[in-house]
Amino acid sequence: MSADTLQVLASAGKGESTRTILRFIILSLIAGAAIASRLFSVIRKCPLSAGSQLLSWQSRPSRRGQLSGLLRLSAFWAALLTAASFQVSRALFTNVGSPSLSQSCARAERQSRMVADNPLVDPWFNFRATKYLVANGFYKFWDWFDDRTWHPLGRVTGGTLYPGLMVTSGAIYHALRALTIPVDIRNICVLLAPAFSGLTAFAAYLLTNEMTPSPSAGLLAAIFMGIAPGYISRSVAGSYDNEAIAIFLLVFTFFLWIRALKQGSMLWGVLCALFYGYMVASWGGYAFITCLLPLHAFVLICMGRYSTRLYVAYTTWYALGTLASMQIPFVGFLPVKTSEHMPALGIFGFLQLLAFLDYVRSAIPSRQFQTFLWLFAGGTFGLGLAALVVATSAGFIAPWSGRFYSLWDTGYAKIHIPIIASVSEHQPTAWPAFFFDLNMLIWLFPAGVYLCFQNLADEHVFIVVYALFGSYFAGVMVRLMLTLTPVVCVAAAISASSLLDTYLNVKSPNAEEHPADDNTDGKKSGKTGLKSTSKPVVGIYGWLSKGTVAGAMTVYLLLFVMHCTWVTSNAYSSPSVVLASRMPDGSQHIIDDYREAYQWLRQNTKEDAKIMSWWDYGYQIGGMADRPTLVDNNTWNNTHIATVGKAMSSREEVSYPIMRQHEVDYVLVVFGGLLGYSGDDINKFLWMVRIAEGIWPDEVKEREFFTPRGEYRVDGEATETMKNSLMYKMSYYNYNSLFPPGQAQDRVRQSRLPEVGPSLSTIEEAFTSENWIIRIYKVKDLDNFGRDHASAAAFDRGLKKKKAAKKRGPRQLRVD
Amino acid sequence: MKTSAVFSAALSLLSLVSPSSAKSTTPAASPSTPPQVWKNANLVHIISVEKNYVKENINVLVENISKQPQDEYFLPLTADEASRIGGIEVKDRKNAQAGPFGVEVVELDPKSNTQYVRIKLPAALKAGAQQTLGISYYLLKAYKPLPASIKQDEQQFLSHSFSAYCPSAYTTSKQKTEVKLPSANIPDYTKLPGSGDVKEFPVKQGTKLTYGPFDEKPAGAFEPAQVRFEFNKPVSHVTELERDIEVSHWGGNVAFEERYTLIHRGANLSDQFNRVKWAQSVYYAPNTHALREMKFPLRVGSADPYYTDVIGNVSTSRFRSNKREALLEIKPRYPLFGGWKYPFTIGWNSDAKNFLRQTVNGGYILNVPFLEGPRQPEGIEYEQVQVRVTLPEGAENVKYSTAVPSSSITSDDIEVQKTFLDTIGRTVLVIKARNLVDELRERELIVSYDYPLSASLRKPFIVFGSAMTLFVSTWVLGNLNLKFTSK
């Protein structure tokens, strides 16, 4: 940091209004940077391959389209450097933890990530729903019955989704259209998440500013929020998911709650309730708020911090927020029926009692009476809790849902609900994931929480509670890392800014030669006053210590930025639909098998051809191939999924009637054996077996897919059940012919396949993508001669050796 | 096919009868058939089936046999052909400067299956005079794959039906029909009894079949003939091409976007697609009837190309751009076999100075290719083409002219489109054409329009004005005191 910059910044920071403007500019730069960093994949590639995102984005450069690239990147770096210089001009402090360690951890984590990665597919459904909303209007959308999914059941889509995301993009779409800006709904959907990430950075700034008087903390929080990989993972361009807007709403609702609580203001409480309603409309994770706010209130009460501010804020939020949340059809009466929402209701009632008691206490000042009343309150609370338990067990209130149980017992889902356990983002978090997603913040975070304990106001209690809660849940489920990230950013920003404030105080007394009451020299005061605004500012004035700490912190910040850049460009910017690899000469090669096959389905099959596949691909098929599917990622009907699992894991003779009954025309499997793509169906196969076994324990047995030695094999040693299962046959059918005899190799499972490949009689291969990732089979119609398929196929094979040209025998009259 | 042959045979009988009665009467008496005022003294009919559309050339020496000067010559077509014909051009073979020929497809008798191309000569021909006409046109969707479905690695054969005698509304004294084929592998073709020193028609020379010369045939004479030939190339057919050209004066840019609905009209696969065979054939037998790749030679200076389809960006493309060429090579997501469809979109930008020029009196002239499809060795045909030229907001007095045969242009319109903060909307010239082929690519489309300075300054002023209004109104509202109490 050159002295000039400091001078300029110091002088710029003199007037209150200039300071505000400066802060605003920096904040908008940060927000812009946050947005830009999410467009990585769009920026990096040449125009032709641009935007191969989850939802692929195609910018139509109707003007000179070269605005992108360097410009955005330089904006990003400029923003970071400005912010960093602003910060570093204020001070530093160091801590344990070497970045190189965390980086290597990150790399290890990435490797493990590659193994168990589930394609992110929700964006495809959301995109499809948004298109429907834009095309048909809001009321049609509300009543949308989708007969192209869950064939033949259909899905009441309008009543079973969170409409917030679609309505948001629909509103933006119509607003832009009204301004005659010809924007495609696809582009809005792709860019919604980055746009909202800018808002999230802003919300993090506001939330942090409530916590600490240090003006730099908010800016740091905004930066952290903008580039923390834990949040980037869900807000890159194209990840058009509920989380895209929900994290902004989460942070902003918390900010409004803190505001309402601090001021005891009904207005802020109402705003908080409104945003809570928006959040409910957007994401199932709203339950996090529903539980966290009562918990905060409860902790405050237990600490003896009950106040009318708390009463006003909480009751306003609860009454209006609950009403707002009940407007969403999917939520409906859940807030008064299910256990997840009961804490909020309980605290609401408890607060009423407290308010009453508070009033009574102020009216009758008697010590004994007061004690009695406190006991009375406790008793009532206990009774209420007991009533809740009774009501739950009696069935008036729905018990905790399975997904919720799995939050407490990580082994629960594996035993009871395999369908939840089969999703990789519902797995417990591996510890390197914390370093991967948060890097430097993970060691700044506890320091920030510690600082919150230092001056424990109501809002600091919130951070403490949130930190505990969030950390626990993030440890239980990979996905919930997302809810932890905001509080980590806030806490880390508090600690980092307090460091910077202490160590980079420009106004050193030796410059002014201010004798005054400096009874300590710099090095001692560092311990006592990390942040002290009421006392006269004491700081560290030794240039050496200042320089060391500032330099170290700069290095850490830069490393953090580099880590985030690296993570974003490597791990989170490559969509799962498109796999990027390198050719031997270093050029980029894109493996685009999914879209190849989906486009083939879309163009060259009947409009209403039913596609059977494992549920992971349902949304993709619905979105990209535009064909009806049997099951999809909205896993509302476990039995239907189990039916598909049974069809996949049984012999052809068993599967064929199932497929006929469901009018299946094509079966789609994902096979990674040729390419070494590990997320394929054979690796997911055991989940299909388990889910099917849950419904038909007599017909599908997981044990039979393992060899007597307990191995899961696909080579010659595989069990008969495995070899005869439809999934195995579809995956390896005709695969031998690619290799010299006896050399067929599965590159995922590293095993050599049997010399004679499987044969199929009831289905036939219809399409296989370039790298064999997607294989599509056509279900044969009933045989013309009334034979069963196995004998018909055998007959065809037998004939083929003699007369290749003729497929069928001469026509004969059948006489029964 | 058979019915139409019978029908036209009956028709030829009719027309055999009618001339005798019509000759003496006035020409205008029976509008359902053209008056017999011409005789084809000599006619050479060249049917070229080398590409996936038919190109026909009729070189005819016509003679006015009536008493009056004549300037209208008619060429008969079946109604089916009339819907598939395109790019009709007429020239004087002897005299290249002999003015423009007016060409138009007309329906003389709505009940009849026969329709006519009316050729208006630039100057009426005196009685007894002769002129050599060179008539060329294209027929789309002309072939049938035979067999209709084949295996993935088999050869594709197409069949084409035509008349060995050139269809004519007039008596033809002498004629010859040549069929040019893409290869020498012609397993089947119609054989006709020969005349003169030739025993049997056709005479086969390499890749050419020659029927004739025949002696005098009456008007409407028809001799069904068919040829089946190897065509192991894709039969690519674009059912609809939408081509958008957007001119921006402020950006100094012309943006192109083309949306193709492509279908392969060749033989279907008798078995399902086999990836193993396909992967092998890429190395061992690269000659295939599947469409693998398309090359778009764009104008030099084209930049920022993109290639997408309904799912999104397609990664299998390359763009080579240097001083001499700008070649966009794209591959469909999957190889295209007979009956398979693949709609896609491509687009690119170019500097306005490559296409746009200001005239001395302040107007502008835009000169762009009417059609810029792929250049394929096997050709490509377009059934419907819609070209939209979006001119800047406020452009007026729009005129256009094109070198694409006027008989192929079905309609032209001026529309208004509002985009990008427009207030009165942009002027859009929409030209619809049909039955074009890739040989007509690079034919010019010249659009002239006026674009006053006031129109170009409209948008900056309006944006500035509305922003100012917004700020001022915010400022005014911000200064209002809405509080109940004030200190």
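Visitor: Where is A:S613 placed in chain A?
Guide: In this predicted model, A:S613 sits in the loop that runs between β3 (610–612) and α29 of chain A.

Visitor: And is A:S613 buried or exposed?
Guide: A:S613 is buried, since its relative accessible area is 1%, and, leaving aside neighbours within four places in sequence, A:S613 is in contact with A:G618, A:I621, A:V631, A:V644, A:M648 and A:L668.

Visitor: What about A:W636, where does that one lie?
Guide: A:W636 lies in the loop between α29 (618–625) and α30 (638–649) of chain A, and with a relative accessible area of 43% A:W636 is partly exposed.

Visitor: Which residues does A:W636 touch?
Guide: Not counting residues up to four places away in sequence, A:W636 touches A:W150, A:L153, A:G154 and A:R155. Taking A:R155 as one of these, A:W636 and A:R155 are 481 residues apart in sequence, while their C-alpha atoms are 9.0 Å apart in space.

Visitor: Switching to helices, how do α6 and α7 of chain A pack?
Guide: Helix α6 (residues 122–142) of chain A and helix α7 (residues 164–178) of chain A pack at an angle of about 75°, and their axes are 9 Å apart. Angles of 65 to 115 degrees count as roughly perpendicular, and α6(A) and α7(A) are therefore roughly perpendicular to each other.

Visitor: Which residues make that contact?
Guide: From α6(A) the contact is made by A:N126, A:A129, A:T130, A:L133, A:V134, A:F138 and A:F141, and from α7(A) by A:L165, A:M166, A:V167, A:S169, A:G170 and A:Y173.

Visitor: Which residues of α31 are buried?
Guide: In helix α31 (residues 652–661) of chain A, the buried residues are A:E652, A:S655, A:Y656, A:I658 and A:M659. Just after α31(A) comes A:E663, which takes a positive phi of about 55°.

Visitor: How many disulfides are there over all chains?
Guide: The structure holds zero disulfides over all chains. To take one cysteine, A:C489 is in no disulfide, and the nearest cysteine sulfur, that of A:C564, is 9.1 Å away.

Visitor: Is A:C489 buried or exposed?
Guide: A:C489 counts as buried, at 0% relative accessibility, and A:C291 also counts as buried, at 13% relative accessibility.

Visitor: Stepping back, what is chain A made of?
Guide: Chain A has 35 helices and eight strands, and of its 816 residues 55% count as buried. Among the contacts in chain A with a separation of 6 or more, 73% are between residues 24 or more positions apart.

Visitor: And how many helices and strands are in chain B?
Guide: Chain B has four helices and 33 strands, and 49% of its 487 residues count as buried. For contacts in chain B with a separation of 6 or more, residues 24 or more positions apart account for 76%.

Visitor: What is the mean pLDDT of chain B?
Guide: The mean pLDDT of chain B is 87, and 93% of its residues reach 70 or more.

Visitor: Where in chain B does pLDDT stay under 50?
Guide: That is the case over residues 1–30 of chain B, for which the model has 15 contacts beyond four places in sequence. Where pLDDT is low, the predicted coordinates should not be read in detail.

Definitions and conventions: Residues numbered from 1 in each chain as written. Chains lettered and ligands numbered in written order. Predicted model: local features only at pLDDT ≥ 70, side-chain atom pairs only at ≥ 80, totals over all residues. Heavy atoms only, no water. Axes fitted to C-alpha atoms, helices over the stretch in contact; angles between N-to-C directions. Helix = DSSP H or I, 4+ residues; strand = E, 2+ residues; numbered from the N terminus. Parallel < 35°, antiparallel > 145°, perpendicular 65-115°, else oblique. Contact = heavy atoms within 4.5 Å. Buried < 20%, exposed > 50% of the residue type's maximum accessible area, 1.4 Å probe, protein only. pLDDT = per-residue confidence, 0-100. Disulfide = S-S within 2.5 Å.
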